[in-house]
Amino acid sequence: MAQMLAITILVLILFIGEIVSIRTRAWIPSIFISGVLFLLGYWTFFPADIVAIAGVPPVVATLLIYLLITNMGTLLSVSELKAQWRTILIALAGIAGIVAFLFGIAMFIFDFETVVVAIPPLVGGVVSALIMSEGAEAAGYPTLAVFAIVIYVMQGFAGYPLTSVMLKREGRNLLTKYRNNELHERKLVEDQPPNPDGEIREPKMFARMPDKYNTDFFKFFRLAFVGYLAYLVSTLAAPVVEISPFVLCLLFGVIARSVGFLERHPLQKANAFGFAIMGLLLFIFDGLKNATPSMMLEIIYPLVVCIALGVIGMYVFSFIMGKLLKVSKEMAFAVSLTALYGFPADYIITVEVINALTKDKREREVLMSHMLPPMLVAGFITVTIVSVILAGIFVGFL
């Protein structure tokens, strides 16, 4: 397949997903439709390496992950993370629900190894799925090695529509309050006052530098440098403790924004965010090439049961924690559901829902200020951090 044909087909699939999302007012998320189309493509005429042919091999995808996670860290701050302590507790409660229901119920249906392999990928990240897959292969469980990857690939199909439903309900409630003057835009703790000329100068560390020198390449340089620092610290710490460089990218992005080395959303300001998201989505869907029809039939029963039990456990525990912390059951469940997909789906679904709920720019800003920060924080806590920690512990049980 020619490279330009491959990229044309793949981008068309992403576009079709967006059309369906727009037409259904985000009731059917674009990521869900795109995932189904990718799966059908791999089962029919797609080359197995179509994403690499299109120009997004793993090495490019890894670069985009470094840049995007560092970039997403700039949307948060140390003060914002402190402000989102309720979100973090609810997200952790959701994970506890997954672990409790799978160990408490699934253990009576499947063997111990199946449950152990299922939990870390179900909580999120590709890293945890790979750790469990390799661990199962090394322990002599080839089917479970495949199961770890497929459960990671398929879990989002349960999470995407459920999250969309919960966020739409939450968004409608917030809009009603805002239109009744009972809700205002939530200001981030670190928001700074504008300069006398009415503009907020970012990054603060380079505030005296003329704007003409703050070029796209300078933004890329600073973003790449922060990503490299995260990689370097991860490498240096490896002999003592295993720390995912992507976890550090998030942390370093938060710190770099807080000290003024990076501005908020540098990729967007460098006109590269859309391209980076496209590349990352193609890399995520590339994982579907391993989910063959015969393989899906073999593991469909444990796959469905484990995901269903995980979602139920997540809802019960997040509902209880939300009640205790006075957070709506819709937002609490949406926050815990980020464990099923993480970034960038948490960002994309939230923005899609908000855009579907209102066309008014001010209302969108209000919804964004209340809904996006908890979704981003929860996604990073569950997928980027906790899932890797769980995998490191659970792989020792095999």
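Colleague: Let's start with Lys289: with which residue does it form a salt bridge?

Modeller: A salt bridge here needs a side-chain nitrogen of Lys or Arg within 4 Å of a carboxyl oxygen of Asp or Glu. For Lys289 the closest N and O atoms are 3.4 Å apart, so the pair falls within that limit. The partner is Asp286.

Colleague: What kind of model is this, and which cut-offs apply?

Modeller: Residues are numbered from 1 along each chain as its sequence is written, and side-chain values use heavy atoms, with hydrogens and water left out. This is a predicted model, in which totals for chains, interfaces and linings use all residues, local features need pLDDT of at least 70, and side-chain atom pairs count only at pLDDT 80 or more.

Colleague: Thanks! Back to that pair: is Asp286 buried or exposed?

Modeller: Buried means under 20% relative accessible area, exposed over 50%, and partly exposed in between, with a 1.4 Å probe and protein chains only. Lys289, at 34%, is therefore partly exposed. Asp286 has 12% relative accessibility, so this residue counts as buried.

Colleague: How many salt bridges does the structure hold?

Modeller: One of them joins the side chains of Glu363 and Arg179, at 2.9 Å from N to O. That pair links distant parts of the chain, with Glu363 in helix H18 and Arg179 in helix H10 (residues 156–179), 184 residues apart. Glu363 has a relative accessible area of 10% and is therefore buried. The number of salt bridges is five.

Colleague: Arg222 also takes part in a salt bridge; how far apart in sequence are the parts that it ties together with Glu263?

Modeller: The two side chains meet at 2.7 Å, N to O. Arg222 lies in helix H11 (residues 216–237) and Glu263 in the loop between helix H12 (245–259) and H13, so parts of the chain that are separate in sequence are tied together. Both residues are buried, and the parts they join are apart in sequence by 41 residues.

Colleague: Which side chain makes a polar contact with the side chain of Glu352?

Modeller: Glu352 lies in helix H17 (residues 345–357) and is buried yet has no salt bridge, as the nearest side chain of opposite charge, Lys168, is 9.4 Å away. Lys and Arg count as positive here and Asp and Glu as negative, while His and the chain ends are not counted. A polar contact is a pair of N or O atoms within 3.5 Å; within protein, one must be able to donate a hydrogen and the other to accept it, and residues adjacent in sequence count only if both atoms are side-chain atoms. At 2.6 Å, the contact of Glu352 is with Ser30.

Colleague: Which helix supplies the largest share of the nonpolar patch?

Modeller: Patches are made of residues with over 30% relative accessible area and no salt bridge, nonpolar side chains (Val, Leu, Ile, Met, Phe, Trp, Tyr) being joined within 5 Å and like charges within 9 Å. This one covers about 1,100 Å² and includes Ile109, Phe112, Tyr301 and Phe397. H15 and helix H18 (361–394) each supply at least two residues. The largest share, three residues, comes from H15.

Colleague: One for the backbone: what is the phi of Asn271?

Modeller: Most residues other than glycine have a negative phi. Asn271 lies in the loop between helix H13 (266–269) and helix H14 (273–286) and is exposed, with a relative accessible area of 68%. Although Asn271 is not a glycine, its phi is positive, at about 60°.

Colleague: And how far is Thr24 from Ala356, between C-alpha atoms?

Modeller: Thr24 sits in the loop between helix H1 (3–23) and helix H2 (30–43), and at 23% relative accessibility counts as partly exposed. The two residues are 332 residues apart along the chain, and their C-alpha atoms are separated by 8.7 Å.

Definitions and conventions: Helices (H or I, at least four residues) and strands (E, at least two) are DSSP runs, numbered from the N terminus. Accessible areas come from the Shrake-Rupley method with a 1.4 Å probe; for residues, only the protein chains shown count as cover.
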